[in-house]
Amino acid sequence: MELQPRKLPRQARSRATFNAIVDACSQVLANRSYEELTTNGISERAGVSIGTLYEYFPNREAIVAALVADACRRLVLRMEQAIEEAADMPAFLGTEHLLATGIDTLGAQENALEVLLRDAPFVMQLPAFREARETLTGLCQDIRVRSGGRLTLPAPVADTWLISQMLFTAMLEIAFFKGPEAQRRALRRELAHLTFRMAMGRDPFLHELGAPPAT
């Protein structure tokens, strides 16, 4: 299975065409299953000929790989920004802000991750996806170091690694949750409670809770 583009754009016009094809892939997946995804459907949605599509990509899987790479870049960038935003927040609210950001980004329609992770198992083995997971784990270790010893983790490095793996899976499940929005937000807040409890060794005090994020 070829997963690399046939060629990468060098000029603005070709970059626009390349991006239009990748964006069209996510738009098709917003309304159809992965099995229904075809290069013809993508080219029609993108407004380009099938010949033009094949100039850039050998198959639909290569387009999906490019879409996942973009989604992973957005996820890492947004989490880096959220860490800086959370630095000025009380510990519990900062924790919830980070989780809310991750959940919202993972569930964003433009990333099409719900369909792809469910129906296209090869996505989890893509270098971009695996590198993003490693980067997010590294960001969790950075948060541990920034905490300056406030966390109560018996084995700091190993415990942080384990927590980061559990959190990623939990964020995915909440991002793709199909129940009422109020229940989804309740799950997100309970995940923040659990994360705080694991990291700090206690429940947050009432004055530390504040209002949950609106998103």
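Mentor: Let us begin with Phe 18, which counts as buried at 6% relative accessibility. Please keep in mind that the model is predicted.

Trainee: Why is Tyr 56 called buried?

Mentor: Its relative accessible area is 5%. Buried means under 20%, so Tyr 56 receives that label.

Trainee: What makes the pair of Phe 18 and Tyr 56 edge-to-face?

Mentor: The ring centres are 6.2 Å apart and the planes stand at 75°. Pairing needs centres within 6.5 Å, and edge-to-face needs planes over 60 degrees apart; the pair is therefore edge-to-face. Phe 18 lies in helix α1 (residues 12-29) and Tyr 56 in helix α3 (residues 50-56), so the pair ties together parts that are 38 residues apart in sequence.

Trainee: Which residues are linked into a cluster by ring pairs?

Mentor: Phe 18, Tyr 56 and Phe 57 form that cluster. The count of aromatic pairs in the structure comes to four.

Trainee: How do you know that Lys 7 lies over the face of Tyr 56?

Mentor: Lys 7 is at 4.8 Å from the ring centre, and the distance cut-off is within 6 Å. The rule also sets a limit of within 35 degrees of the ring normal.

Trainee: What makes Phe 129 and Phe 168 an edge-to-face pair?

Mentor: Their ring centres are 6.1 Å apart and their planes are at 70°. With centres within 6.5 Å and planes over 60 degrees apart as the requirements, the pair is therefore edge-to-face. Phe 129 belongs to helix α7 (residues 127-146) and Phe 168 to helix α8, so parts that are 39 residues apart in sequence are tied together.

Trainee: Are these two residues buried or exposed?

Mentor: Phe 129 is buried, with a relative accessible area of 7%. Phe 168 counts as buried at 7% relative accessibility. The cut-off for buried is under 20%.

Trainee: Which residues line the largest cavity?

Mentor: Phe 129 and Phe 168 are among them, together with Cys 72, Leu 75, Leu 106, Leu 113, Ala 132 and Arg 133. The elements giving two or more residues to this lining are α4 and α7, and the largest share, three residues, comes from α7.

Trainee: How many cavities of 30 Å³ or more does the structure hold?

Mentor: It holds one. The volume of the largest cavity is about 40 Å³.

Trainee: Turning to charged side chains, why is the contact of Arg 74 with Glu 110 called a salt bridge?

Mentor: The N to O distance between the two side chains is 3.6 Å. The rule asks for a nitrogen of Lys or Arg within 4 Å of a carboxyl oxygen of Asp or Glu, so this pair qualifies as a salt bridge. Arg 74 lies in helix α4 (residues 60-86) and Glu 110 in the loop between α5 (91-106) and α6 (113-119), so the pair ties together parts that are 36 residues apart in sequence.

Trainee: What makes Glu 110 partly exposed?

Mentor: Its relative accessible area is 45%. Buried is under 20% and exposed is over 50%, so Glu 110 falls in between. Arg 74, at 30% relative accessibility, likewise counts as partly exposed.

Trainee: Why does Lys 178 count as exposed?

Mentor: Lys 178 has 67% relative accessibility, and exposed means over 50%; the label is therefore exposed. Its side chain meets that of Glu 114 in a salt bridge of 2.8 Å, N to O. Glu 114 lies in helix α6 and Lys 178 in the loop between α8 (156-175) and α9 (181-200), so parts that are 64 residues apart in sequence are tied together. Glu 114 itself is partly exposed, with a relative accessible area of 24%.

Trainee: Which residues are linked in a network of salt bridges?

Mentor: Asp 104, Glu 181, Arg 184 and Arg 185 are linked in this way. Arg 184 lies in helix α9 and is buried, with a relative accessible area of 13%. Leaving aside residues up to four places away in sequence, Arg 184 touches Ile 103, Asp 104, Ile 174, Ala 175 and Phe 177.

Trainee: How many salt bridges does the count come to?

Mentor: The count comes to 13.

Note on methods: Residues numbered from 1 in each chain as written. Predicted model: local features only at pLDDT ≥ 70, side-chain atom pairs only at ≥ 80, totals over all residues. Heavy atoms only, no water. Helix = DSSP H or I, 4+ residues; strand = E, 2+ residues; numbered from the N terminus. Buried < 20%, exposed > 50% of the residue type's maximum accessible area, 1.4 Å probe, protein only. Contact = heavy atoms within 4.5 Å. Phe/Tyr/Trp six-rings, centres within 6.5 Å; stacked < 30°, edge-to-face > 60°. 1 Å grid on protein atoms, 1.4 Å probe; cavity = no way out; pocket = protein on both sides within 12 Å on 5 of 7 lines; lining within 4 Å. Points joined across faces, edges and corners; volume = space filled by probe spheres on them.
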